[in-house]
Amino acid sequence: MRGELCASRTIGSASCYGYLDAVPSEHEYIIMTGNTLGSCLCGTVKFQISGELESFLLCHCKRCRKDTGSAHAANLFSSTAKLTWFSGHESVQTYQVPDTRHKKSFCSKCGSALPVVQSDGDSIVVPAGSIDSAIDIRPSQHICFESRADWDMRLEDVPKIDDIPI
């Protein structure tokens, strides 16, 4: 069950991009200390990040705004954690802007942003919105802030409501 250690299942030696022998059901994850769970919007893709998420950055560059459709990308980074796909790995697509390091993975069914292993293989980038677990790290920096959208200023002054307006 979600939120509990499931001792009845074994992970074995699942490696980065490997599949588990016992794949969790739709409502069940394997949860262990130091693991962060995530999924896409449609639930096809489920993954686990094992290890520490070292930084949390909000990037305002034009590429990040384009690939999120928002004011900024909110990404967590790790040079030590491992990514394991529980389900839907075949639905993960990756796009890299030619001649750049800018890379994005997403679910081919619903378009949700998903973790990506950098081309050097030494780090992973995890879109914060794809994470289902509680995390104990907060954004530490706005980067490429000078590149932000013209409308991305003084947003703290915009009225806040708790529901969808009619």
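Which residue in E10 is the bridge partner of Val116? The legends below take up this and related views. The model is predicted, and local features need pLDDT of at least 70, side-chain atom pairs count only at pLDDT 80 or more, and totals for chains, interfaces and linings use all residues. Residues are numbered from 1 along each chain as its sequence is written, and side-chain values use heavy atoms, with hydrogens and water left out.

**View 1. Pairing of E9 with E10.** The bridge partner of Val116 in E10 is Val125. Strand E9 (116-117) and strand E10 (residues 124-127) pair in the antiparallel sense over two bridges, where strands (E, at least two residues) are DSSP runs numbered from the N terminus and two strands pair if DSSP finds at least two bridges between them.

**View 2. The open sheet.** Five strands, in the order E9-E10-E4-E3-E11, form an open sheet with mixed pairing. Its edge strands are E9 and E11, each of which pairs on one side only.

**View 3. Asp150 in the segment after E11.** Asp150, found in the segment after E11, counts as exposed because its relative accessibility is 70%, exposed meaning over 50% relative accessible area, buried under 20% and partly exposed in between (1.4 Å probe, protein chains only). The C-alpha atoms of Asp150 and Ala71 are separated by 9.6 Å, although these residues lie 79 residues apart along the chain.

**View 4. Leu155 in the segment after E11.** Leu155 is found in the segment after strand E11 (141-143), and with a relative accessible area of 38% Leu155 is partly exposed.

Note on methods:
Helices (H or I, at least four residues) and strands (E, at least two) are DSSP runs, numbered from the N terminus.
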